[in-house]
Every structure is written in structure tokens, then in C-alpha cells.
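Okay, thanks for having me, everyone. Let me put the model up on the screen, and then we'll walk through it together.

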Amino acid sequence: MTGWQWVKVVGNFLNLSTVAGLVVGAIGRARFSRGPRGLFYANGYRLGFPYAGAFTIGNVVLSKHERSYFDEQPLVMHEERHSWQYLCLIGLPLLPLYGVAAVVSWALTGDPASRNPFERLANLKDGGYVERPVQPFSKTLTQTLSVLRSRPKAP
């Protein structure tokens, strides 16, 4: 690890974001392992929220997938950029800010990532996202309602 990566590891422990990531991973019964660049992997995460292939809290990258899911280097770089965002925003304040940014992005494009500055700064493409254009809110609402109606109903 570089000196700056050590700064990120220590800073995210001190601002409690990595501690929160470890707690969330434990609640989700994930298996922990060391990753590259000061990251920790929490694979086999079992909670359904948030709905994402992977998400980062502090220096902890949580995923429902196996560790091999992170063999793709661009995805690891994307998640590491999120860990830097936690350091820059002094930890957990990132979570509500991210939530607001996701709602605004959804309202503008029908997608919570396309206009979300946190995802854009982490590189949309590296995270597996497709950039969607801004569209009228009526179209976003129609698309969302259509998706919700087409979901199978629970027994």
C-alpha cells in the first residue's frame, strides 16, 4: 500500500466509517477478507438492501457475490474511489448525501447513478453503470411505475 492509502485506512477507521462497514457486514453475515489498496471485502452479504452488486462503507466493500466478483480491476478501482469519498467527507455524512444525490439523479434520469456526483466521481463505467440522459420527470415516473407493476408479487 502507498502512504496515501495508509492515510485512508487510518482516517476511515478514525471517522468510524470502516467500523460501520464491518458492523453492517457482520449483520449481513458476510465473510471478511483483505483486499487490495487498503480495502476489506465482505462477501456473501445476505441482506437485500441496498440493491447493488457491491457497495462500500468506509474501506469495506460489501457484496452478495463471492470474492471472485472483484477480479475485475475497474470495479475494485470504482469501490476504492468511494472509500476516498468517505475520508473526504469525514465518514458517515456521506450516506445521507449519497441518498439525496441518488434521488435527484433518479428524478432527472430515472436512474439513481447517472447524475449522482458520487458515482460519477467514482467513474460510472468502472462501476458497471450506463450513463442515462436527462429526461422529463413524467417519463421517469411512468417508467418507475411500470417497473413496480411488473415485479412478481410475494406469496
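So, the largest nonpolar core has 13 residues. Keep in mind that this is a predicted model. Which residues have the most contacts inside that core? They are Ala42, Tyr45, Phe55, Ile57, Val60 and Leu62. Strands E2 (40-43), E3 (54-57) and E4 (60-63) each give two or more residues to this core, and so does H4. There's also a second, separate core, this one with 7 residues, including Tyr41, Ala54, Val61 and Val76.

Let's stay with Val60 for a moment. Leaving out residues up to four places away in sequence, Val60 touches Thr18, Gly21, Leu22, Phe32, Phe40, Ala42 and Phe55.

Let's go across it pair by pair. Strand E1, residues 31-34, pairs with E2 in the antiparallel sense, over 4 bridges. Across that pair, Phe32 stands opposite Ala42 in E2. E1 and E2 make a hairpin with 5 residues between the strands, and in it Arg37 takes a positive phi near 60 degrees.

Next come E2 and E4. Parallel or antiparallel? They pair in the parallel sense, over 4 bridges. Phe40 stands opposite Val60 in E4, and the bridge partner of Ala42 in E4 is Leu62.

Then E3 and E4, which run antiparallel and are joined by 4 bridges. Ala54 stands opposite Ser63 in E4, while Phe55 has Leu62 as its bridge partner in E4. These two strands also form a hairpin, with 2 residues between them, and Gly58 in the turn has a positive phi of about 65 degrees.

Okay, which way do the side chains go? In a regular strand the side chains alternate between the two faces of the sheet. You can follow that here. From E2, Phe40 and Ala42 point one way and Tyr41 and Asn43 the other way. From E4, Val60 and Leu62 point one way, with Val61 and Ser63 pointing the other way. And from E3, Ala54 and Thr56 point one way, Phe55 and Ile57 the other. Buried or exposed? For E2, all four of those residues are buried, the E4 residues I named are all buried, and the E3 ones are all buried as well.

What lies across the sheet?

Let's move on to a pair of helices. Two packed helices are described by the angle between their axes and the distance between the axes. For helix H4 (residues 94-109) and helix H6 (residues 137-150), the angle is about 100 degrees and the axes are 6 Å apart. So H4 and H6 are roughly perpendicular to each other. Who makes the contact? On the H4 side you've got Trp106, Ala107, Leu108 and Thr109, and on the H6 side Phe137, Thr140, Leu141 and Thr144. Those contact residues divide into 5 nonpolar, 3 polar and no charged.

Last stop, Arg132. You'll find Arg132 in the loop between helix H5 (117-121) and H6. How exposed is Arg132? Its relative accessible area is 42%, so Arg132 counts as partly exposed. Not counting residues up to four places away in sequence, Arg132 touches Thr109, Asp111, Ser114 and Arg115.

Notes
Residues numbered from 1 in each chain as written. Predicted model: local features only at pLDDT ≥ 70, side-chain atom pairs only at ≥ 80, totals over all residues. Heavy atoms only, no water. Axes fitted to C-alpha atoms, helices over the stretch in contact; angles between N-to-C directions. Parallel < 35°, antiparallel > 145°, perpendicular 65-115°, else oblique. Contact = heavy atoms within 4.5 Å. Nonpolar A, V, L, I, M, F, W, Y, C, P; charged D, E, K, R; others polar. Core = buried A, V, L, I, M, F, W, Y, C linked by side-chain atoms within 4.5 Å. Buried < 20%, exposed > 50% of the residue type's maximum accessible area, 1.4 Å probe, protein only. Pairing = 2+ DSSP bridges.
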